[in-house]
Amino acid sequence: MMSPEVIRFDHATIYYRDRLALDDLTLGVGPGEFIGVIGPNGSGKTTFLKAILGLVSPARGSVRVFDCACDRLRCEHRARIGYLPQKDAIDPHFPITVAETVMMGRYSTIGLFRYPGRSDRVIVQEALAAVDLVAEARTPLGELSGGQQQRVMIARALAQRPEILLLDEPTTGIDAPTQHAIMELITRLHRDLRLTILFVTHDINLISPIADRLVLLNTRLFAAGSPASVLTRDILAQVYGKDVALADHEAAPYVIVNDHHA
Amino acid sequence: MLDLFTFGFMQRALTASLIIGILCSVIGVFVVLRGLSFIGAGTSHAAFAGVTFGYLTGLSPLGMAVLFGLGTVWIIHGLYQRGIMKLDVSIGIFYTFTMALAILFLGLMGTYNAELYGFLFGSVLSVTADDLTVMAWLAGGVLLPVGLFYKEFHFITFDQGMAEATGIAARGFFFLLLNLIALTVVVSLKTVGALLVFAMIIIPAASAYQLGRSMLGMMAYAVGFGVAASVGGVLLSYRFDLPSGATIVLLATALFFAAVALSPKRRRTAAPDCAHGG
């Protein structure tokens, strides 16, 4: 028998700030799946994640997470979803340490009128250990590099003890070696913790070798399936234009977008 | 010098300064870190309009200050939440609107009222026992929620969007924070005056920002700076016969520059420039 889906979009039409972001989207995500979410700018990728978090509601159709309608997601449901938003510039002088930042991941679980306890501090240490930042626990967040700060934010999401991890372009603005280190970390967390991961990215070549499935959005669900079935010249040309080439590369096709700007 | 502590008016003034020093500094940390400086300035004008309305109509000036301060925050927040107006634009409108109201009410009164001008410029030496009781209650009403919801305020100050995504009622806590800022302004109105009250919220917290490594640490520094400025300012103003509100704020500003000079953050910021130079 198939495991029940943890996320279900059923003919969901979603507007974001009065603009149609996703139209008639139907898609299911099973527990433990690693989904790569791709698509051009403005294709609805971030709205897709916000809908799962219950931060935007469908105008038509439904979105269900843990078999609960998203617009009725209560705090304890949201606490089961770890979320890494697009990387904003962090005020380098904001007075907060690495451990305090990660502890914020516990706040919704701790609940109102209560303060972090010993068990919360243990979970924070475990989350820091998972991203190899135990030694930096007392370091001010602003003193870390961009890649380290991104690992802190992943640790904060892990401190929620999530079942689903939503990652919105976690490797954007980070140098190539650090990008690969973060991808290795996320792959390891997926394997060890059996997390359901939805990874939004523009970097098709980074995600395609490790994702179980790719979801290609372009205001609607354009394609979904194994990387090999989604990354065809025909599909990519329809979404990204004609200047797309494919090369065979280990497990997944390698996408080359030709640049005519020069 | 020590005999001045035996005077009732001085004891009340110092107690009021202590309350203001603690309260403004704690709230100021959220204001500085969350970038809400302008809303405090807007609220102080609204509260002063409330005071003038109270004197004009014979209603409780303090009650009217609370009503006008909170009312302004509610309207500004409502416009912001509905996406009608950016926060700074709606604050700007009410900042000037409520000051215009205050001037209108002053004009309608037609007579000079020294007590009213005390609310504008601050008159800590004229604080009464009743004033102190009200200040203590209001200060407790602000500090209690800060203690109860410290971790929620901490999270929304750092990253409101993320707090909301994890299930914290972030918008509700932001609204509560705005209300606490308005109440802090009202509590401090008589001591430092409407024109200078926001300095007491911003400056000690801005000084602490130079030194604190965590938000709690920053709060401790801010309270130290705030109490030193408010109590020290009262003593200096008595000793040299200076206006109390202005003396408090000038002392707070001097402490700010001392903190900037000693700031390890300033040294950390300077270090990469040296490195790039090489």
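Biologist: What share of the 262 residues in chain A is buried?

Modeller: Of the 262 residues in chain A, 42% are buried, where buried asks for 20 or more other C-beta atoms within 10 Å of a residue's own, exposed for 12 or fewer, and partly exposed for a count in between, with C-beta atoms placed from the backbone. In chain B, buried residues account for 50% of the 278 residues. This is a predicted model, in which local features need pLDDT of at least 70 and side-chain atom pairs count only at pLDDT 80 or more, while totals for chains, interfaces and linings use all residues. Residues are numbered from 1 along each chain as its sequence is written, and chains are lettered from A and ligands numbered from 1 in the order in which they are written.

Biologist: Why is Leu116(B) called buried?

Modeller: Leu116(B) has 20 other C-beta atoms within 10 Å, so it counts as buried. Leu116(B) sits in helix H5 (residues 114–121) of chain B, a helix being a DSSP run of H or I with at least four residues and a strand a run of E with at least two, numbered from the N terminus. Apart from residues up to four places away in sequence, Leu116(B) touches Val51(B), Thr52(B) and Tyr55(B), and touching, or contact, asks for C-beta atoms within 7 Å.

Biologist: What makes Pro264(B) exposed?

Modeller: Pro264(B) has 11 C-beta neighbours inside 10 Å, and therefore it counts as exposed.

Biologist: How do you know that the end-to-end distance of helix H1 of chain B agrees with its number of residues?

Modeller: The expected span is 1.5 Å times one less than the number of residues. Helix H1 (residues 8–34) of chain B has 27 residues and should span 39 Å, and because its end C-alpha atoms are 39 Å apart, the two values agree. After H1(B) comes Gly35(B), whose phi is positive, near 70 degrees.

Biologist: Why is chain B called as compact as a globular protein of its length?

Modeller: Chain B contains 12 helices and 0 strands. Its radius of gyration is 19 Å, close to the 19 Å that the globule rule gives for 278 residues, so chain B is as compact as a globular protein of that length; the radius is taken over C-alpha atoms, and the rule is 2.2 Å times the number of residues to the power 0.38. Along the principal axes, the C-alpha atoms of chain B fill a box of roughly 65 × 50 × 35 Å.

Biologist: What share of the contacts in chain B joins residues at least 24 apart, counting residues at least 6 apart in sequence?

Modeller: That share is 74% in chain B, and for chain A, which has 10 helices and 12 strands, the corresponding value is 65%. Leaving aside neighbours within four places in sequence, Val29(B) is in contact with several residues, among them Ala205(B), Met215(B) and Ala222(B).

Biologist: How many residues of chain B are in contact with chain A?

Modeller: On the side of chain B there are 21, in contact with 21 residues of chain A. Helix H7 (150–165) and helix H10 (215–240) of chain B each supply at least two residues of that side, and H7(B) gives the largest share, 8 residues.

Technical notes: Two residues are in contact if their C-beta atoms, placed from the backbone, lie within 7 Å.
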